[in-house]
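User: I am new to this structure and would like to go through it in questions and answers. Please show it first.

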Amino acid sequence: MQIETINKDRPLMVRFNEKRLNVQATTGFRKTVSLSLHNDIRKIAINPTKTEFMDSSRLGAIIARVNTMGNGGEIAIRNTNEPVMQVFKPTRTDQVFNALDREEDAIIAIA
Amino acid sequence: MSKITLSVESEFENSSLIGVAINRLVSTVFTKQETWGIELSVIEAVNNIMKHGYRCQPGNPVTVSLDFHDNYLEIMITDRGLSIPKNVLDKNSQEVFGFDPNDINGLPEGGMGMALIKHNMDRIDYKADNGLNRLKLVKFYSVKAQQSTGT
C-alpha cells in the first residue's frame, strides 16, 4: 500500500498496490492510514487499480475511516476496477463515495 | 458430476488460498462477474468462521467442498466452531444495506458478509448439528456454464 499526502491542502492519496485486499491486509491498512492522517485531513482519494480482489473487511475499514472523519469527511475512489466495485455496488457504498474514472478526477473532486 | 474438497486450518492467510482456488475452479463454468461473486461469498463465509466461529484461534478445521451438478454448483462449507446466530442468518440485505448514503454517521462498518453472500448466491442453507456447522451455497449455471457443460 502506498500513501502519499500531495500537500497539506489536498486529499490524502492512497494507492492500493496489493492484488488482494482481504482481512489479513486490512489491519495494516487501518494502522497505516491512522498514522498517516494528519489531524485536519478530512479528504482521502483511493486508487485500487491493481487490486484483483477485495472483501468486506477492507470496505468496513474504509467506512470506519469515513466515520472517524465525521461530517465534512470525504472519500473518492477511482472506479475502474470491477472486482472492487463488485463489493461497493451491492452494499450501496458506491453512492457514499465519489466514484470517478481517473485518479486525478478523484483528487480534484474532493480537493 | 465432479466433486472437489479443500481443507485448511483456521488461519486468515488460508482464506486467500481458498479464494484463489475457488476462482480458478469456478471460472471455467461461470462468467467473470459470477466468479468474483462466488469467490467473495466463500471468502466472506470462511472469514466469518475464522473470526466469529473460532474467535481468531488458529489450528481449527475448515473445509470447502464444490459439487458441480448438471445445472448448478453446490458449495458446502463446514466447521466446528461457534454456530452463526439466527439473527445474523435471518437478516436480509435490505436491513444491512438500507442505510441513508447521505448520513455518514449511519454507515455500517461490519456485518456485511452474510448479506453479500445472499446477494451473490441463488440459495443458502445452514445447519448446525452435533458441533458441526454446514453452510450450503447454491449457484445455478448461467448460459456460459450450460454451453461449457453441454447441458
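**Chains, interface and cores**

Analyst: Among contacts (heavy atoms within 4.5 Å) in chain A between residues at least 6 apart in sequence, those joining residues at least 24 apart make up 72%. This is a predicted model, in which local features need pLDDT of at least 70, side-chain atom pairs count only at pLDDT 80 or more, and totals for chains, interfaces and linings use all residues. Residues are numbered from 1 along each chain as its sequence is written, chains are lettered from A and ligands numbered from 1 in the order in which they are written, and side-chain values use heavy atoms, with hydrogens and water left out.

User: What pattern does chain A follow along the sequence?

Analyst: Helices (H or I, at least four residues) and strands (E, at least two) are DSSP runs, numbered from the N terminus. Chain A has 4 helices and 7 strands. Read along the sequence, the pattern is β-β-β-α-β-β-α-β-α-β-α.

User: Which residues have the most contacts inside the largest nonpolar core?

Analyst: A nonpolar core is a set of buried Ala, Val, Leu, Ile, Met, Phe, Trp, Tyr and Cys residues joined through side-chain atoms within 4.5 Å. Buried means under 20% relative accessible area, exposed over 50%, and partly exposed in between (1.4 Å probe, protein chains only). The largest such core has 30 residues, and those with the most contacts inside it are A:Ile46, A:Leu59, A:Ile75, A:Phe88 and A:Phe97.

User: Which helix gives the largest share of this core?

Analyst: The largest share is 5 residues, and they come from helix 2 (residues 56–69) of chain A.
A second, separate core has 29 residues, including B:Ile18 and B:Phe68. For the core asked about, the answer is helix 2 of chain A.

User: How much area is buried between chain B and chain A?

Analyst: In this pair, 27 residues of chain B are in contact with 28 residues of chain A. Buried area is the accessible area (1.4 Å probe) that two parts lose on being put together, summed over both. Carbon and sulfur atoms give 59% of it, and the area is about 2500 Å².

User: How far apart are the closest N and O atoms of B:Glu39 and A:Arg20?

Analyst: A salt bridge is a side-chain nitrogen of Lys or Arg within 4 Å of a carboxyl oxygen of Asp or Glu, and the rule finds 1 across the interface of chain B and chain A. B:Glu39 counts as buried at 1% relative accessibility. B:Glu39 forms a salt bridge with A:Arg20, and their closest N and O atoms are apart by 2.9 Å.

User: Which helix of chain B gives the most to the side that touches chain A?

Analyst: Across the interface of chain B and chain A, the rule finds 5 residue pairs in polar contact (both at pLDDT 80 or more). A polar contact is a pair of N or O atoms within 3.5 Å; within protein, one must be able to donate a hydrogen and the other to accept it, and residues adjacent in sequence count only if both atoms are side-chain atoms. Helix 1 (12–26), helix 2 (32–53) and helix 5 (113–120) of chain B each supply at least two residues of the side that touches chain A. The most, 8 residues, comes from helix 2.

User: Why is helix 5 of chain B largely enclosed by the rest of the structure?

Analyst: Among its buried residues are B:Gly113, B:Met114 and B:Asn120. Helix 5 of chain B is largely enclosed because its buried residues number 6 of the 8.

User: Which residue of chain A is in contact with B:Asn120?

Analyst: B:Asn120 is buried, with a relative accessible area of 8%. A polar atom of its side chain lies 2.9 Å from the backbone oxygen of B:Leu116. Leaving aside neighbours within four places in sequence, B:Asn120 is in contact with residues including B:Gly37, B:Lys139 and, from chain A, A:Gln86.

User: Is B:Asp90 exposed or partly exposed?

Analyst: B:Asp90 forms a salt bridge with B:Lys86, the closest N and O atoms being 2.5 Å apart. The two are 4 residues apart in helix 3 (residues 86–90) of chain B, so about one helical turn separates them. B:Lys86 counts as exposed at 61% relative accessibility. With a relative accessible area of 48%, B:Asp90 is partly exposed.
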